[in-house]
Amino acid sequence: MKVNISKQCLEQAVRRHWIAFTCVLVFVLYAVLGMFAGPVVVKKLLVHSLRNMGLDAVLERARVNPFTFAISVNGLSARDAAAKPLVSFTEMVINFRAASLWRQAVLLDEVTIDGPELFLEVDAEGKNNVSKLFGAQQKSERGSMRYGVERLSINGGRVSYSAKRRSVPFAVSLNNVVISLAGFDSAGQKFAEFSVNAETPDEERLKWSGKVGINPFRAETRIEMEQIQLAGLWKYFGLHPGWRIAAGTGSAAGSIVADASKTPAEWTVDAEQLSLRELDIRMEESGELLAVVPELIMEKGKVIAAQKSVSIAGATVNNCAFYLRRKTGEAGAFYEFAGKDKESPPVVRPEETAAGGNLSWNVTAPVIDVRNCRVVHEDRTLPKTTVAEVSGITLMLRRFALSPGAPFDISGEALINSSGRLKFSGEGAVLPLRGMLKAEAEGVLLAPFQSYIEPFARISLTNGTLAGEVKAAFDETQEMALALEAQAQISDFVLQAAEDQRRLFSLKHIVLKEAKLQWPSRLTLGEIELAEPWLFVERNEKSALNLVDLIKKSAEVQKEEPKRAEAAPVQAKSTVFQWNAGKTRIENGSIQFVDRAVRPAAEFELKNLDAETGPISKKDGSASFTAKISARLVPDSALQATAALDFRQKAYFEKFDFELKNAYFPGLSPYVAQYAGRLVDDGDLSVKLDYRAKGSELLGENTIVARGLRFGAGVDSPNAVSLPLELAASLLRDQSGVIHIDFPVRGNLNQPQFSFGSLFLRALTNVLTSVVTAPFNLFAAIAGSSRNLDRCHFAFGEAELGAEEQLRLGDLAKALLERPAVSLAIAPLYDPVHDKLALAEKYRKSRKKEDNGDDAAKNGERDVLLEEIIIPESELTALAKERALSVQRYLESKGISASRLAIREPSAQKVESAQIFVPLTVSGQ
């Protein structure tokens with residue numbers, strides 16, 4: 001019995017020792033395999049997995065602690081197919097949780113990574129090197145595996161990032177990256193806490209901490225950034241493809257709350273503060289400066305995705321500067337800040353916004369404060385680059401909201417080119433854009449805008465200041481209907497010729513009292529006043545006015561301007577534009593006129609010029625107004641003119657009245673010399689014109705009055721008329737020394753060569769020609785006589801005046817008394833046949849009285865004597881002289897001075913009529 005028990009006990013003892021030995025052996029084998037074979041297996045599996053992903057991986061050492069389920073990997077590095085480094089670290093320690101074995105999950109108690117380095121690269125297509133690797137792996141057909149880590153620590157990490165999709169390659173690195181993650185599990189709704197700290201070589205600092213959940217995704221995080229170098233950061237993110245930020249620092253603090261469990265997903269960004277300092281924005285290629293922002297502060301910004309809203313409690317910009325450059329390219333003029341593509345951003349219409357377009361988010365900013373900023377505008381589309389500056393800009397924008405119908409207020413002030421002051425205020429709304437804006441300007445210098453005139457005119461704008469007020473109302477819902485109300489004043493304005501800098505135009509001030517524009521259909525101008533305007537007008541040797549020559553022809557403008565591509569024609573809507581203007585007044589103006597088209601050159605000046613034009617309106621192609629002008633022609637003559645203009649007429653006028661009184665005639669001498677061939681040494685001139693237009697017919701009445709006219713030396717002129725002007729003047733000069741001429745003009749306005757000047761000169765020449773060629777017609781008109789006054793009739797052989805001839809000479813005497821400058825020449829004539837016979841008959845009759853013989857004998861003797869009577873030539877000439885003396889004595893008896901009556905030498909003239917006449921001719925004194 002005892003033996004059997006001992007044997008059984010022995011067997012049990014042996015069994016227990018075997019089990020213990022087996023366990024020890026298994027433990028030893030597990031330890032040996034885990035400590036020696038495990039690292040080999042881990043190393044091969046890890047390297048093999050990386051190589052399957054296309055990476056060239058190197059692993060220095062791997063260690064496995066089979067008792068603590070810990071794996072330690074040292075010196076891992078991996079390169080991609082192009083032999084570029086991708087990832088590496090000094091040491092990674094992973095402590096697995098034992099539950100991972102039966103839960104089919106990757107559950108880690110602790111993961112520690114020391115000295116990791118990650119190289120991320122984005123190619124020209126926007127794909128990064130890491131996503132390419134993982135994207136090539138086939139997804140597992142099994143369900144997603146659970147994974148979690150109780151504690152993750154990354155110390156001394158480094159991330160290098162580069163991007164090639166921009167024209168200027170971008171690269172940035174993060175150093176001293178420290179990451180901690182606690183309580184992360186993909187299977188539950190538990191939040192995991194994390195924190196990230198990093199810095200760049202430029203001492204930029206990033207802090208990111210909070211809680212995150214994966215299933216579903218939720219996050220509550222806080223981010224802080226300090227000393228961010230914007231030149232590096234924004235080189236990649238950018239504001240526009242053509243820009244780059246060359247300098248600047250920034251800082252930001254805020255929080256992000258996200259929840260993907262809701263539909264749609266909710267996320268909110270709270271930015272406590274965003275601060276940018278010394279921001280420097282330049283063109284990406286040229287490096288030219290676009291903007292400088294010394295300080296920009298945004299406070300309490302919030303973005304709520306679910307509500308599609310962005311709100312900013314306040315934004316402040318101090319001392320900023322913007323540089324706008326307008327250039328010319330193949331597609332025409334563009335602003336350089338638009339970037340390389342030179343395309344404007346698409347315009348989002350209100351209906352697109354309502355349908356959920358790009359602007360469907362509500363953006364609110366109760367206060368936007370801009371202080372002491374400036375905008376420099378550089379226009380390079382002109383032949384000479386023009387720079388204008390608006391500085392000291394203070395702008396306050398209140399209640400701004402980028403939401404349909406939301407109102408906002410705006411106000412501010414600025415300096416224009418360091419001298420002009422601008423103030424503005426208004427209110428409005430966006431989506432659609434509408435509102436009202438009021439702006440006041442004072443002391444704005446006009447000279448800096450000279451370059452805008454140069455492409456079109458040879459004029460230099462050397463002086464002038466602008467002041468005014470504009471009220472604008474706009475409404476995008478009415479096809480951007482715009483209504484403007486304005487008043488303006490320009491003072492001390494001066495224009496000069498660009499070539500010789502000679503003053504062309506100046507004025508003390510011009511005032512536009514009111515202007516209203518209702519775009520695109522109506523313009524209304526109120527009264528306009530011009531004080532002390534001065535104008536220089538010159539006509540050159542080719543009869544071209546300087547004012548016309550100052551305007552550049554289209555060919556010249558195209559030559560100076562860069563060639564632009566022709567845009568496709570746009571079919572514009574037909575809109576009838578109507579306009580009207582109030583009265584225009586000119587006070588105390590002056591005009592200096594130089595005419596070099598005549599010889600010698602003419603020069604005169606109008607002063608004390610006052611003018612007024614009546615209201616004018618244009619509607620349906622018609623427009624009419626009246627104008628009145630009064631001035632003093634230096635030295636002391638008065639000028640007045642009135643006109644009624646009508647744009648419906650081809651000549652653009654209905655009537656025109658002009659009057660010039662007591663103009664100093666020598667000042668107009670060059671014009672007289674051009675058409676008369678004589679200068680004028682003395683005298684004054686008055687002219688009165690009265691013109692009317694009836695359809696195409698021109699009816700005009702002209703009155704010319706000259707006093708004390710005295711001609712001077714002759715002048716060679718191809719346009720001079722061949723008329724004895726001194727004789728014409730004598731014939732027209734009355735007892736007071738006044739020449740008074742009235743003559744009409746008639747013309748057809750539809751004639752292609754119609755000219756007012758030519759018509760006037762032709763009519764005047766006809767009048768003078770008729771006076772010189774038929775002076776006695778003028779005498780008859782003066783005397784009111786119907787008789788022919790250029791001769792005096794006598795019976796043959798007689799020298800006594802008959803009753804009819806006395807009446808004729810009486811009429812002539814009346815005319816001569818009215819024309820004291822006219823002398824009369826009497827030409828004694830005798831007929832060698834009829835006068836001789838008449839004298840013989842008289843001689844025979846006288847002899848008959850002396851003869852006492854019978855009648856028959858005497859008659860016979862008479863017949864013989866008539867044929868044989870000899871009348872000497874001296875008696876015939878004496879008869880002629882006696883006739884002239886009869887005329888002379890009679891005219892003297894009527895008050896005509898003998899000095900004005902000249903008797904020529906007698907001459908014989910055969911007459912076929914029943915009487916002989918004594919011809920009379922005139923001459924001027």
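Ile214 sits in the loop that joins strand 9, residues 205-213, to strand 10, residues 218-229. In this predicted model, Ile214 has a relative accessibility of 33%, so it counts as partly exposed. Ile214 also belongs to a nonpolar surface patch of about 320 Å², which it makes together with Val106, Tyr147 and Phe217.

Strand 10 spans residues 218-229, and a salt bridge forms between Arg222 and Glu224. The closest nitrogen and oxygen atoms of that pair are 3.1 Å apart. Arg222 is partly exposed, at 29% relative accessible area, and Glu224 is likewise partly exposed, at 25%.

Let me now turn to the protein as a whole. The model contains 15 helices and 43 strands. There are 925 residues, and buried residues make up 37% of them. If we take the contacts between residues at least 6 apart in sequence, 59% of them join residues at least 24 apart.

How confident is the prediction? The average pLDDT is 79, and 82% of the residues score at least 70. Over residues 136-143, however, the pLDDT is below 50, and this stretch has 3 contacts in the model beyond near neighbours in sequence. Residues 340-358 also stay under 50, and for them the model has 15 contacts beyond four places in sequence.

I return to the charged pairs. The count of salt bridges comes to 36. One of these joins the side chains of Arg371 and Asp369, with an N to O distance of 2.6 Å. Arg371 is partly exposed, at 45% relative accessibility.

Another salt bridge is formed by Glu612 and Lys583, whose closest N and O atoms are 3.8 Å apart. Glu612 lies in strand 30, residues 602-613, while Lys583 lies in the loop between strand 28, residues 578-581, and strand 29, residues 584-595; the pair therefore ties together parts that are 29 residues apart in sequence. Glu612 is partly exposed at 30% relative accessibility, and Lys583 is partly exposed at 30% relative accessibility. Both residues take part in a network of salt bridges that also links Lys513, Glu527, Glu529 and Arg585.

Is Glu603 buried or exposed? With a relative accessible area of 52%, Glu603 is exposed. Leaving aside neighbours within four places in sequence, Glu603 is in contact with Gln592, Phe593 and Val594. The C-alpha atoms of Glu603 and Leu668 are separated by 8.4 Å, although these two residues are 65 residues apart along the chain.

For a contrasting loop position, please look at Asn417. Asn417 is placed in the loop between strand 19, residues 407-416, and strand 20, residues 420-429. At 17% relative accessibility, Asn417 counts as buried, because the cut-off for that class is under 20%. Which residues does Asn417 contact, once neighbours within four places in sequence are set aside? They are Val387, Ala388, Glu389, Leu445, Pro448 and Phe449.

My last topic is helix 12, which runs over residues 803-818. Its 16 residues, at 1.5 Å a residue, should span 22 Å, and the C-alpha atoms at its ends are 23 Å apart, so the two values agree. The buried residues of helix 12 are Glu805, Arg808, Leu809, Gly810, Asp811, Leu812, Ala813, Ala815 and Leu816. In general, an α-helix has 3.6 residues a turn, so residues three or four places apart point the same way. In helix 12, Glu805, Leu809 and Leu812 are among the buried residues.

What covers the buried residues of helix 12? The cover includes two helices, namely helix 11, residues 775-783, and helix 15, residues 873-893. It also includes strand 38, residues 791-794, strand 39, residues 822-826, and strand 43, residues 916-924.

Key. Residues are numbered from 1 along each chain as its sequence is written. This is a predicted model: local features need pLDDT of at least 70, side-chain atom pairs count only at pLDDT 80 or more; totals for chains, interfaces and linings use all residues. Side-chain values use heavy atoms; hydrogens and water are left out. Patches are made of residues with over 30% relative accessible area and no salt bridge: like charges are joined within 9 Å, nonpolar side chains (Val, Leu, Ile, Met, Phe, Trp, Tyr) within 5 Å. Accessible areas come from the Shrake-Rupley method with a 1.4 Å probe; for residues, only the protein chains shown count as cover. A salt bridge is a side-chain nitrogen of Lys or Arg within 4 Å of a carboxyl oxygen of Asp or Glu. Helices (H or I, at least four residues) and strands (E, at least two) are DSSP runs, numbered from the N terminus. Buried means under 20% relative accessible area, exposed over 50%, partly exposed in between (1.4 Å probe, protein chains only). The expected span of a helix is 1.5 Å times one less than its number of residues. Contact means heavy atoms within 4.5 Å. pLDDT is the predictor's confidence in each residue, from 0 to 100.
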